Amino acid sequence: DAVRFERHHIIDLIWSDERETQPPPAPPRREYWERCFVDSCVLDGDVPVYYLYREEPDDTDDDDTYPDGGWRIRGDWRDISEEEFEERKCDYIAVGKVLNEDDSWLHLIDAPTGSAFIRDDETGEFVPCED
């Protein structure tokens, strides 16, 4: 049976000495230091990412090493009251920290400003939000 996987699923390759060519160069490692706003409950690992959108980044100082990337990330709110939802705390942190807790949306990371996605309740996949 064929086993399908993506390049990022591979940790390491071992090449035999008889190989005539060199292994392919590793792609540049991407780091995710740009900032985002995220519900604290997502960072705690208590709640998965449920809704995310990308807006124009907030004005940042020219001195910011890692400016706002425009991502706004909300945790699942289906099983809580409106008051509980309104009381959720929000953090401004590196998007990589969010990905460490829930990377199910990594394939959307380069979506343009104005994009919005919600997790489909049946499939668990993110789908674009309809206007």
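Colleague: Which residues make the nonpolar surface patch of about 410 Å²?

Modeller: Val3, Phe5, Ile10 and Leu13 make that patch. The model is predicted, so local features need pLDDT of at least 70 and side-chain atom pairs count only at pLDDT 80 or more, while totals for chains, interfaces and linings use all residues. Residues are numbered from 1 along each chain as its sequence is written, and side-chain values use heavy atoms, with hydrogens and water left out.

Colleague: What counts as a patch?

Modeller: Patch residues have over 30% relative accessible area and no salt bridge; nonpolar side chains (Val, Leu, Ile, Met, Phe, Trp, Tyr) are joined within 5 Å, like charges within 9 Å. A salt bridge is a side-chain nitrogen of Lys or Arg within 4 Å of a carboxyl oxygen of Asp or Glu. Areas come from the Shrake-Rupley method with a 1.4 Å probe, and for residues only the protein chains shown count as cover.

Colleague: Is Phe5 buried or exposed?

Modeller: Phe5 is exposed, at 53% relative accessible area (buried is under 20%, exposed over 50%, partly exposed in between).

Colleague: New topic. How many aromatic pairs are there in the whole structure?

Modeller: The search finds 7. One of them is Tyr51 with Tyr53, a tilted pair with 5.5 Å between centres and 35 degrees between planes. Rings of Phe, Tyr and Trp (its six-membered ring) pair if their centres lie within 6.5 Å; planes under 30 degrees apart are stacked, over 60 edge-to-face, the rest tilted.

Colleague: And what about Trp77 and Phe85?

Modeller: Trp77 and Phe85 pair edge-to-face, 5.7 Å centre to centre and 70 degrees between the planes. Trp77 is partly exposed at 29%, and Phe85 is partly exposed at 21%.

Colleague: Which residues form the aromatic cluster?

Modeller: Tyr50, Tyr51, Tyr53, Trp77 and Phe85 form one cluster.

Technical notes:
Buried < 20%, exposed > 50% of the residue type's maximum accessible area, 1.4 Å probe, protein only.
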